[in-house]
Amino acid sequence: MSVDRRTLRPSATFPDHVLAEIHRAADRGVYEIRGFGTKRHLPGFDDLLFLGASMSRYPLEGYRERCDTDVVLGDRFASRPVELAIPITVAGMSFGALGANAKEAIGRACTAMGTSSTTGDGGMTEEERRSSKTLVYQVLPSRYGMNPDDLRRADAIEIVVGQGAKPGGGGMLLGQKITERVAGMRDLPVGIDQRSACRHPDWTGPDDLAIKIRELREITDWEKPVYIKIGASRPQYDVPLAVKAGADVVVLDGMQGGTAATQDVFIEHVGIPTLPAVRRAVEALQELDMHRKVQLVVSGGIRTGADVAKALALGADAVSIGSAAMVALGCNRPVHVEDYHAIGTEPGACHHCHTGRCPVGVTTQDADLEARLDPEQGARRLRNYLTVMVLELQTIARANGKSHVLNLEPEDLVALTVEAAAMAGVPLAGTDWIPGRE
Amino acid sequence: MTSVDLSASSVRELNARLHALPADTNETAWRIAEPRGAHAVAAGLTVPVSVEIDGHVGYYCGGMNQAASVTINGHCGTGVAENMMSGTIRVRGNASQCAGASGHGGLLVIEGDAGPRCGISMKGVDIVVGGSVGHMSAFMAQSGTLAVCGDAGEDLGDSIYEATLYVGGGVGRLGADCVEKEMTTRHREMLSALLERAGVEADLSTFRRFGSARRLYHFHVDNADAYR
Ligand code: SF4
């Protein structure tokens, strides 16, 4: 009997990916762990538009008038703040999650662009210190590879309280990526499934954190800026607490932020999107009269110069990219398609960083796969991509009459949806209405 | 002997002086008076000097120590010797929580008792406690040795990796994946050498050894109950 396909109505409650996940869970009895970041649709920077200049605002000439992009991070207490040529940094990604070639490519590209890169869980590698002019050293709950010598040779210190993909969760790296070198750096047995703690081993709560920060400053003689990285959940409370604890810089990672390996349920169901998180963080800083005094770095789903411009207009001092940098290096590029198939996916849908079998050599410790990413070529691609983002950012800033990208402001923005208007605190396009405000 | 009175000088001034010492300094003996519970005293030392502190200190005394020998003639707050890399830190009194947290090397001796989470996340440090330790000690301990002459609180060695734990007194409930292991002659000899190095006397015959059952090293549905 033939089937009339028009009668085959798929369930909206049980679409294919939900059916597949229930079947997988029933077969295996363990939750899904995966990489990349959230895949659900979220209100985001695409729901905002810039107004541009007109009669009431003068634009700047695209190729003739200056539009500066430099930014200083960490001048609250540190004697050597970080000076960046562009307000786009690269977020913390561990050696272990990423291969050494990817780390080196990122370091080289950031150095060429005058910006910073960041270590990750597992400590600092020689390659990344060598290749990065400005390197931010993460202090994570696991303290893998934590070392005072590396702390002192870093340019800034980032205390990781949480990350957007999993606020409240610890690091994960599955056994296939715990090679001898990775295990050696982390002091773990080779090949185990590593699950890091979600809280720091020697402090809990903001009062202790203030003392911890003083210790780190003492050890580094008050030279280095201290960043506090938080996953976006309650920025209206977390940002003031970070300021009170003595942060020079707050790094705020929205739920679109990526991860090397995390439970899918965590990635998709915990945290808030970057858009409302930025607004609440900026409001909190303004309330304390600390906006621009404690710098705000925003990450989580930044992909284009327009995204950067919107984050800055909402009040961020800089942004950080992680997943987008990986994409620039080749993540999800349609090459070696058979290797995507071998791990059960396709270019464009890959989130298989946790497998260690990255078809493009970005998130792998396998020598053959890693050889697919030449550090020099990778650096060139990332540099090109960052250059394009900066040009886009300047294009938008000039169109809004700004001689410095940090002069972008919420008044330059409108929202396309009621949700985005409420979350970002800017008017719905064509109205003066900001939902939730008088 | 260089003396510093912390009622007249700040911790910042003290640490700056200690950090400025060259590796071959002649100023190898320091005595610190009136610490009055100050935090981060003698943190981040890198040269083999000896620092004796007369009084109680706050958090993170001797944090991230390298090569130096720090003695606290008093009690200390949270995270003494946190992430120490080498050298020796000795607490003559009691230590608060998280003593020796994530220590990578060297020797931490607490002659009195230590609070909860002693040796949490330890990564190679050796810790000797003359008295007892609180709950969750050696949580996620990766490597190194924790020897407790007194009792250990609940959940000892929860989620432990490859660290070795010795307890001379009573032990509360063991943490997830921590099990008692055979105390062989070799282990008794290693413990004896460690106690001698620490200058702590104890009756070796009562000590038991604990370590990882290694059941949680890989995700497996049958192990899900371990954390409930
Ligand atoms: S292509 Fe590589 S980096 Fe990208 S999602 Fe797949 S495994 Fe991860």
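A residue is near a molecule or strand if its C-beta atom, placed from the backbone, lies within 6 Å of it. This is a predicted model, where local features need pLDDT of at least 70, side-chain atom pairs count only at pLDDT 80 or more, and totals for chains, interfaces and linings use all residues. Residues are numbered from 1 along each chain as its sequence is written, while chains are lettered from A and ligands numbered from 1 in the order in which they are written.

**Exercise 1.** Describe the residues around the ligand.

*Solution.* Finally, sort the shell by class: 9 are nonpolar, 5 polar and none charged. Here Ala, Val, Leu, Ile, Met, Phe, Trp, Tyr, Cys and Pro count as nonpolar, Asp, Glu, Lys and Arg as charged, and the others, Gly among them, as polar.

**Exercise 2.** Find out whether the radius of gyration of chain A agrees or disagrees with that of a compact globule.

*Solution.* Take the rule, 2.2 Å times the number of residues to the power 0.38, with the radius taken over C-alpha atoms. For 438 residues it gives a value near 22 Å, and chain A has 22 Å, so the two agree. Then look at the spans: the C-alpha trace of chain A extends about 65 × 65 × 45 Å along its principal axes.

**Exercise 3.** Work out what share of chain A is buried.

*Solution.* Count a residue as buried if 20 or more other C-beta atoms, placed from the backbone, lie within 10 Å of its own. In chain A, 57% of the 438 residues are buried.

Notes: Buried ≥ 20, exposed ≤ 12 C-beta atoms within 10 Å, placed from the backbone.
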